[in-house]
Amino acid sequence: MSAVYRVDLDAFADNLAHIRATVAPAEHMLVVKDDAYAHGLAPIVHRARAEGVRWIGAFDVATGLEVRAVAGTEARIFVWLLGGPDDLAAGVGAGLDLGIGDRALLDELAALPAGATPARVHLKIDTGLHRNGIRPEDWDAALQTVAELVASGRAELTGIWSHISEASDADDDDARALFLAAREAARRHGLAPTVSHLAASAAGFARAVFREDLVRIGAYSYGIRPAGGPSDAALGIRPIATLWATVASVDGDLVRLDVGSLHGVPSVAAGRVDVQTPGGLRRVRTIDEVTTLVDAWPAARVGDEIAIFGADAVCSATDVAEAIDTIGEEIALRVSPAVPRVYTGGAR
Ligand SMILES: *Cc1c(COP(=O)(O)O)cnc(C)c1O
């Protein structure tokens, strides 16, 4: 036996249902970047589709194509990392929704050979994060180019979008004002975007006016609550995965488990987190590359299974993160691809 990451797709479905109810009438765009936050892209997309999720945020074109293969032709797949003409052509060909936040990409789109179907463009306004996006002073010129693309049948302006910090309500309010002005400007250019989106998990839950038509939610879908933020219970979500280890040996008053930092357990968590054992809570003492030492419990036996973090453990990924001053996503994303993912719940 060795480490295994068990993903409960029924718990995932419960989170999806709760998110849908929370953001309605806006729609949930399930964000699946980084291999669905390391939960495994294909099983997550498959189950999400079975649960009626229509929009999937895939990050790059390569992932978008993988999602298309699993999600089918009806799914709307949003990608926002586009690497140039080849990427654009592949994205248009696969009917992806293209998040375009830079002028050069618009020009490249205009230079592509005309395809059978118009490109679906979601134009990104930079509302202050300076993480790509068209600056407000360049917005009118970009709209002009889009209007030409639309007039020639090469594109449709499907959406206007942005990304906000979700760190301060005041900054987010300023960002929203810029966003709404940018959308008005599009209308003045005779463009009629059908979807607006700017919020991710935190603002999508906490601030109803940020929901617009779509809320791009990753973390909460997987039950990853924000470090220092509301509890799982307050949010109505729960972790969907557990990292399990097995007792490899009993060494006097310490028990050696077969997971370590190479599997994704941060070594700095040693001395700061507990695990539930058959003998009760025990402190994690040291974490090396491939093993973890925990205080022993009576009758500890080789082969006993211990939940390290997640749904079935005493600490969630975010609890571990808080103990070492980082965020839950960081802990979730560390779980090594070498650790087998085992799914319960199925696709239904
Ligand atoms: C990662 C990401 C999201 C999802 O953020 P969460 O906080 O995980 O919900 C949404 N939009 C963009 C552009 C992202 O990169």
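Val7 stands opposite Ala241 in strand E10 of this predicted model, where helices (H or I, at least four residues) and strands (E, at least two) are DSSP runs numbered from the N terminus. The two residues belong to a pairing in the antiparallel sense between E1 (residues 4-8) and E10 (residues 241-251), made over four bridges; two strands are taken to pair if DSSP finds at least two bridges between them. Residues are numbered from 1 along each chain as its sequence is written, and side-chain values use heavy atoms, with hydrogens and water left out. As the model is predicted, local features need pLDDT of at least 70 and side-chain atom pairs count only at pLDDT 80 or more, while totals for chains, interfaces and linings use all residues.

Strand E15 (residues 305-310) runs antiparallel to E10 and is joined to it by five bridges, with Trp244 opposite Ala307. E11 (residues 254-257) is also antiparallel to E10, through four bridges, and Val255 in E11 is the bridge partner of Val250. Two residues separate E10 from E11 in a hairpin, and in its turn Gly252 has a positive phi of about 65°.

On a 1 Å grid over the protein atoms alone, a cavity is a set of points where a 1.4 Å probe fits but cannot get out, and a pocket is an open set with protein on both sides within 12 Å along at least five of seven lines; lining residues have an atom within 4 Å of a point. Grid points are joined across faces, edges and corners, and a volume is the space filled by probe spheres set on the points.

The largest pocket holds about 800 Å³ of space. Its lining comprises 30 residues, and Lys33, Tyr37, Arg131, His163 and Ala200 are the closest to its centre. Helix H2 (33-38), strand E4 (76-81), helix H9 (201-206) and helix H12 (328-334) each give two or more residues to this lining, and H2 gives the most, with three.

Three cavities of 30 Å³ or more are found in the whole structure. The largest cavity has a volume of about 100 Å³, and among its 15 lining residues Tyr222, Gly223, Ile224, Pro239 and Ala317 lie nearest the centre. E15 and helix H11 (317-323) each give two or more residues to that lining. In the second largest cavity, with about 60 Å³ of space, the lining residues include Val265, Ile308 and Phe309.
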